[in-house]
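Dear colleague,

I am handing over the structure below, together with some notes on one part of the chain. Please read them with the model open beside you.

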Amino acid sequence: RPLLMGVSRKSFLSTILGDPALERRSAPTVALTGVLRAAGARIFRVHEVRENVDALRAVEAVLNCESA
């Protein structure tokens, strides 16, 4: 079954960053999208769609290079 991830803007990101500001959670969300895709996740629930799609495209390009 496909793995669904929903880490976008979650409060644990503020804990990791040591900063409660909501706007600071976007970059870590994008980073986790890429890492989780590389780990096998296939479905993502996000707020900033364009940024996360860009991250997924970059990760897919790297993963496809490794298998070539």
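In these notes, buried means under 20% relative accessible area, exposed means over 50%, and partly exposed lies in between, with a 1.4 Å probe and protein chains only. This is a predicted model, in which local features need pLDDT of at least 70 and side-chain atom pairs count only at pLDDT 80 or more, while totals for chains, interfaces and linings use all residues. Residues are numbered from 1 along each chain as its sequence is written, and side-chain values use heavy atoms, with hydrogens and water left out.

Glu 48 has a relative accessible area of 15% and therefore counts as buried; it is found in the loop between strand E2 (43-44) and helix H3 (49-67), where helices (H or I, at least four residues) and strands (E, at least two) are DSSP runs, numbered from the N terminus. Leaving aside residues up to four places away in sequence, Glu 48 touches Ser 8, Arg 9 and Ser 26, contact meaning heavy atoms within 4.5 Å.

Arg 9, in the loop between strand E1 (4-5) and helix H1 (11-17), is partly exposed because its relative accessibility is 29%. Its phi is near 60°, a positive value in a residue other than glycine, whereas most residues other than glycine have a negative phi.

Finally, the C-alpha atoms of Glu 48 and Val 30 are separated by 8.5 Å, the two residues being 18 residues apart along the chain.

Best wishes
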